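Hello,

Here is the structure I promised to pass on. Please open it first, then read my notes below.

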Amino acid sequence: MVLEVLYPALGIEIVPPPPITKKTIEIGVKLAPQNACFPMKVTLGNFIEGIEKGADTIFMAGGVGPCRFGYYGQIQRIIIEDLGYDVNFVLIDSPRYGWKNFFSSLKTMVGGKWSISHIHRAVRLAWNVLRYVEELEKTSRLVRWKLKDPSQLDRLIEKSLKEIKNITSVVQLEEIRSNALHEISQLNTLEKNEPIKIGIVGEVYIAQEFRVNFNIEKLLGNMGILVDNSVSTAEYVLNFFPLTRSREKEEAWKLAKPFLKRFVGGEGIDTVGSTIRYAQQGFDGVIHLYPFTCMPEAVAKSIVVGVGREYNIPILHLAIDEHAGEAGMITRVEAFVDVLEMRRQQKVRKASCS
Amino acid sequence: MDLYLGVDVGSVTTKFALITSDKKIYSSCYLKTSGDPIAALKTGLKYIQSHYPSGGVIRGVGTTGSARHLAGVVVGADMVKNEITAHAVAAITLLPEVRTVFEIGGQDSKLIIIRDQVVEDFAMNTICAAGTGSFLEHQAVRLGIPIEEFGKLALQAQQSVRIAGRCTVFAESDMIHKQQLGFGKPEIIRGLCEALVRNFINNLATGKTILDPIVFQGGVAANQGIVQAFHDFYQGKYKIIVPQEHGIMGAWGAALLVLAAKQEKTSFQGFEVINRSYENRSFTCDDCPNSCEIVVLKEENKVKALWGSRCGKWIPELVDEKFSEKEEKTLSFSKNS
Ligand code: SF4
Ligand code: SF4
């Protein structure tokens with residue numbers, strides 16, 4: 001999404017990868033090693049579809065060990081080269097491992113033709129777009145649960161996302177942004193108070209990418225639940241840079257300390273810390289989303305179970321991969337919501353007895 | 001007399017429970033779905049109609065099970081609930097002090113942890129067949145024993161033989177191996193029951209605190225061999241109760257839930273449903289690479305409901321014109337079986 005904006009602003013034609021569909025997943029699953037993580041399979045499928053549409057340069061962010069994310073880019077590159085595609089592969093590593101590498105990757109990415117200030121402007125626009133997309137998601141989380149007709153919201157979001165595809169400046173973005181936010185605020189709402197609140201934690205890709213997590217946020221929102229997602233792509237990017245980590249992230253890490261002292265890779269620590277944060281903020285429950293074979297999240301899961309006991313907050317763990325069935329997931333989510341509702345009623349009953 | 005109907009349509013069996021306002025079951029039935037949920041629904045309704053108190057009025061209908069949405073549209077449900085909640089509510093009503101529910105059906109199994117009459121945690125297995133009823137049925141066929149006899153035979157075993165039952169395929173070859181070693185059928189069956197119980201516990205109970213009393217429900221609870229294997233697993237320390245209504249707990253739960261909702265009007269379609277014509281088909285939408293499998297329910301040749309679209313574009317109100325466009329494609333509709 002963001003790359004789509006970054007490239008046209010840089011004057012390079014961009015081929016946006018087609019949205020993730022069942023076919024994307026099928027391609028990725030077929031080509032990737034069987035025991036690779038699900039996110040790696042899906043992004044691989046994504047790249048292939050992008051190449052089929054004419055892309056000649058692929059950009060991918062490298063992750064930080066000790067989990068397998070660190071070398072996924074390499075494997076994907078080998079697979080794509082073995083298939084006989086002639087494309088450039090640009091791996092962007094965290095600047096934590098050296099700014100020189102970071103900038104030279106960025107430069108290769110744009111073909112080496114542009115000045116630093118040009119790149120800077122493009123990156124800034126892309127960054128603002130990413131922030132806006134997340135703002136839209138956040139806003140819809142805040143209102144969806146009380147809307148009379150949530151499908152109106154879906155339409156507004158879709159419209160706005162289409163509009164930002166062609167922009168070239170932050171000013172244009174700002175106009176689209178204020179329009180959309182205004183329209184959303186005008187939607188009809190129902191009289192409801194005190195919704196059930198659920199926080200989402202887990203691995204960044206699965207927890208964030210609605211096309212692979214069966215759009216769990218929308219599912220919950222349409223059931224009248226207020227959802228918060230602790231995972232954000234913008235955060236993820238910020239975390240690449242040593243000084244820009246957000247307060248929430250620092251806080252989550254601090255909270256996780258008593259339970260988990262070592263970096264376990266991926267978002268393991270964040271999962272633990274955010275679960276505690278939700279518990280302290282009085283959320284009714286937490287949903288933990290992760291790829292089926294993800295090591296950091298498996299570690300986090302076993303710790304989160306203890307956190308749930310200690311803080312008395314129900315947690316639903318959902319492992320997602322190419323075998324996950326939508327029906328089974330919906331049944332679990334519905335049952336989980338029932339659990340939260342029953343607990344609320346029980347609390348009310350107990351309070352009125354004493 | 002006010003009545004409430006609960007319907008539980010699973011992929012293997014379909015259950016009905018008709019209850020009175022004091023939560024008691026007036027009549028119930030348990031049928032095979034046999035791949036045709038609509039036929040099963042009609043058969044069940046016929047049964048309920050002929051086991052119906054004079055002067056009774058159905059005030060509410062609840063559906064549950066994997067085909068709960070379909071059943072809800074056909075019968076006219078006031079409440080469509082997931083099977084975990086339905087099973088839990090039935091168990092709590094039956095035995096308020098229940099702390100654990102084991103439910104083993106034909107295609108899936110569930111474990112529900114209850115404390116103070118509230119569900120605290122649950123787990124459901126929908127992928128691995130080795131912890132479900134179909135595992136046993138499969139092996140029964142192999143051994144040439146009717147599944148009804150299975151449990152009784154298991155109890156006759158003098159000793160048990162350990163069968164590696166991690167998955168159906170292994171269990172099968174290991175079973176044959178044990179047969180060749182000369183173990184009798186009762187021993188082998190007992191071994192299979194124990195393997196199923198181990199699978200159930202391994203798959204669902206890891207990290208959960210199982211406390212008794214345990215209510216064991218679902219079709220497989222009829223199998224005394226499995227009940228015994230659970231007792232043995234817990235070395236007889238846990239109180240395990242198999243309710244008489246074990247097979248229809250989900251349907252009963254759905255009825256109880258709709259009773260508790262106390263709504264004023266019901267959407268129940270009446271027993272005329274038995275005489276209406278329904279068509280349940282599916283086709284693949286090829287408007288985008290998602291290739292959603294769209295399920296269409298037609299009532300008297302009119303599109304009544306659609307499921308399965310990811311983008312939400314297939315809705316009955318909009319579908320008629322789009323449909324005529326696609327009508328030729330309907331030819332290639334395969335009957336949903
Ligand atoms: S975080 Fe998990 S899913 Fe992601 S690469 Fe690491 S192990 Fe795989
Ligand atoms: S129903 Fe919608 S999402 Fe599914 S294949 Fe058709 S157009 Fe695509």
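**Aromatic rings**

Start with a cluster in chain B: ring pairs link Phe102(B), Phe200(B), Phe216(B) and Phe230(B). Please keep in mind that this is a predicted model.

Over all chains, the structure holds 10 aromatic pairs. One of them joins Tyr52(B) and Phe271(B). The ring centres of Tyr52(B) and Phe271(B) are 5.6 Å apart, and their planes meet at 85°, so the pair is edge-to-face. This pair links distant parts of the chain, 219 residues apart. Tyr52(B) is in the loop between helix 1 (37-50) and strand 4 (57-64) of chain B. Phe271(B) is in the loop between helix 9 (249-261) and strand 11 (278-284) of chain B.

Are the two residues buried or exposed? Tyr52(B) has 25% relative accessibility, so it counts as partly exposed. Phe271(B) has a relative accessible area of 14%, so it is buried.

Phe233(B) and Tyr234(B) also form an edge-to-face pair. The distance is 5.1 Å centre to centre, with 80° between the planes. Phe233(B) is partly exposed, at a relative accessible area of 37%. Tyr234(B) is buried, at 14%.

**Charges over rings**

Chain A has charged side chains over rings. The charged end of Lys197(A) sits over the ring of Phe283(A), 5.4 Å from its centre. Arg277(A) lies over the face of Tyr278(A), also at 5.4 Å from the ring centre.

**Nonpolar cores**

The largest nonpolar core has 45 residues. Which of them touch the most other members? They are Ile198(A), Leu220(A), Ile287(A), Leu289(A) and Phe122(B). Helix 15 (residues 326-353) of chain A gives the most to this core, with eight residues.

Take a look at Leu289(A). Leaving aside neighbours within four places in sequence, Leu289(A) is in contact with residues including Ile200(A), Val201(A), Ile206(A), Ile216(A), Leu318(A) and Ile320(A). Glu203(A) and Asn213(A) are also among its contacts.

A second, separate core has 38 residues. Among them are Phe135(B), Ile188(B), Ile226(B) and Val227(B).

**Ligand 2**

Which residues are around ligand 2? They include Cys285(B), Cys288(B), Cys292(B) and Cys311(B). By class, the shell has six nonpolar, three polar and three charged residues.

Best wishes

Terms used: Residues numbered from 1 in each chain as written. Chains lettered and ligands numbered in written order. Predicted model: local features only at pLDDT ≥ 70, side-chain atom pairs only at ≥ 80, totals over all residues. Heavy atoms only, no water. Phe/Tyr/Trp six-rings, centres within 6.5 Å; stacked < 30°, edge-to-face > 60°. Helix = DSSP H or I, 4+ residues; strand = E, 2+ residues; numbered from the N terminus. Buried < 20%, exposed > 50% of the residue type's maximum accessible area, 1.4 Å probe, protein only. Lys NZ or Arg CZ within 6 Å of the ring centre and 35° of its normal. Near = heavy atom within 4 Å. Nonpolar A, V, L, I, M, F, W, Y, C, P; charged D, E, K, R; others polar. Core = buried A, V, L, I, M, F, W, Y, C linked by side-chain atoms within 4.5 Å. Contact = heavy atoms within 4.5 Å.
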